[in-house]
Amino acid sequence: MNTEQKKPQRPEPPDIQEVGAPIDGKPQVSARRLFFQLHIFRECFDHRLIIKILEKGSLNAVLYDDLNHPTGIGVLFVAEDPTVLMAESRTLLVKAQDTPKVTYRPEMTMTGRTYSSGREPNLEEWLLNRPLQNVLNPEFPWAIWYPLRRKPEFYRLEYRERGRILGEHALLGRSYAAGGYASDIRLACFGLDTNDNEFVIGLVGPDLHPLSRLIQDMRQTEQTTKYIESLGPFFVGKVRKQFARG
C-alpha cells in the first residue's frame, strides 16, 4: 500500500490584469490604471494657499468650488501610483491646516481606480486617457461625484443577465455623451472605501442641469430601482482651476 500522502495542489494565482476586447483574436491586457482621490474642505475663505500647494505638486489635479457649501472646496488628485497619490494628499491635508478655519471633511473622501469590463475596444484609452481628459477638459466646468453600492443579489445573477442590466444604464449614459451634455468617470473602490462602497462615479459637463437630469433618468433603470443598495453622499462642484501635468 502506498502510504505517501499526496501533496495538496497549489492554487493558480489569479490574473489581476485589466482585459479589453480582443484585437485580431488577441485579448488586450494591461497592468496600468489610474487612481483618483477627492478631498472636501469647508470654511475656505482664501484659495491662494491651496492653489499654491497644487501648483507645486506633481499630480494632475482639479480644484472645485462646492455648490452646496458657499465656503467649501473639493480637490481631486489623479495618479497611476497610489503611493504618490497618498503622499501628495497628505501634503495637502497638512499644509491646508495653515489656512485659518479650513476644515477637512473626511466623511466625503472618495477614492477609486479605473477598471475594465472586458469589452473595451481601446483598453489604454479607457483606463488612462479618457478619464483624465474628462476631468481636465476646460469645456467641462461642472462635476457631480458620488459613491454607490449594489445589493448582494446583483452579484448572484448570471453574467449575461448582469450585462443586460448594465447595458441599459450604459446606453443612457452614452446618449447624454452623444449630445455633448455629460461624460463619465467610472471607478471601482472595492476595499478602498471606508463605508464599503463599490464604485465612485464622476459626471462632468458644460452645464449643471444635464448632469442632474442624467442622474434623474438613471433612477428609472432596472439597475437603480432593483439592485442599488445606496448612493451618495454627493459632491457638486464647479472647477476653479485645473492642474494638468503634460
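Visitor: Let's start with cysteine 44. Is that one buried or exposed?
Guide: This is a predicted model, and in it cysteine 44 counts as buried because its relative accessibility is 4%, below the 20% cut-off.

Visitor: And cysteine 189, buried or exposed?
Guide: Cysteine 189 is buried, with a relative accessible area of 0%.

Visitor: How many disulfides does the count come to?
Guide: The count is zero disulfides.

Visitor: OK, pockets. How much space lies in the largest pocket?
Guide: About 1400 Å³. Its lining takes in 44 residues, and those nearest the centre of the pocket are Tyr115, Ser117, Trp126, Leu166 and Arg186.

Visitor: Which element gives the most to it?
Guide: That would be α4, which gives 10 residues to the lining of the largest pocket. Among the others that supply at least two residues each are α3 (123–135), β8 (142–150), β9 (183–188) and α5 (208–218).

Visitor: Tell me about α4, then. What should its 20 residues span, and what do the end atoms say?
Guide: At 1.5 Å a residue, α4 should span 28 Å, and its end C-alpha atoms are 27 Å apart, so the two agree.

Visitor: Which residues of α4 are buried?
Guide: Ile165, His169, Leu172, Gly173 and Tyr176 are buried in α4. The cover over those buried residues includes α5 and α6.

Visitor: Why would they be spaced like that along a helix?
Guide: An α-helix has 3.6 residues a turn, so residues three or four places apart point the same way.

Visitor: Nice. What follows α4?
Guide: Glycine 180 follows α4, and the phi of glycine 180 is positive, near 75°.

Visitor: Which residues line the largest cavity?
Guide: The largest cavity is lined by Thr114, Trp126, Arg130, Pro131, Asn134, Asp184, Ile185 and Arg186. Two or more of the lining residues come from each of α3 and β9, and α3 gives the most, with four. By class, the lining of the largest cavity divides into three nonpolar, two polar and three charged residues.

Visitor: Last topic, arginine 42. Where is it found?
Guide: Arginine 42 sits in strand β3, residues 35–42. With a relative accessible area of 36%, arginine 42 is partly exposed.

Visitor: What is arginine 42 in contact with, leaving aside neighbours within four places in sequence?
Guide: With those set aside, arginine 42 is in contact with Thr71, Gly72, Lys101, Val102, Thr103 and Arg105.

Visitor: And how far apart are arginine 42 and methionine 108?
Guide: Arginine 42 and methionine 108 are 66 residues apart in sequence and 11 Å apart in space, C-alpha to C-alpha.

Terms used
Residues are numbered from 1 along each chain as its sequence is written. This is a predicted model: local features need pLDDT of at least 70, side-chain atom pairs count only at pLDDT 80 or more; totals for chains, interfaces and linings use all residues. Side-chain values use heavy atoms; hydrogens and water are left out. On a 1 Å grid over the protein atoms alone, a cavity is a set of points where a 1.4 Å probe fits but cannot get out, and a pocket is an open set with protein on both sides within 12 Å along at least five of seven lines; lining residues have an atom within 4 Å of a point. Grid points are joined across faces, edges and corners, and a volume is the space filled by probe spheres set on the points. A disulfide is a pair of cysteine sulfur atoms within 2.5 Å. Buried means under 20% relative accessible area, exposed over 50%, partly exposed in between (1.4 Å probe, protein chains only). Ala, Val, Leu, Ile, Met, Phe, Trp, Tyr, Cys and Pro count as nonpolar, Asp, Glu, Lys and Arg as charged, and the others, Gly among them, as polar. The expected span of a helix is 1.5 Å times one less than its number of residues. Contact means heavy atoms within 4.5 Å.
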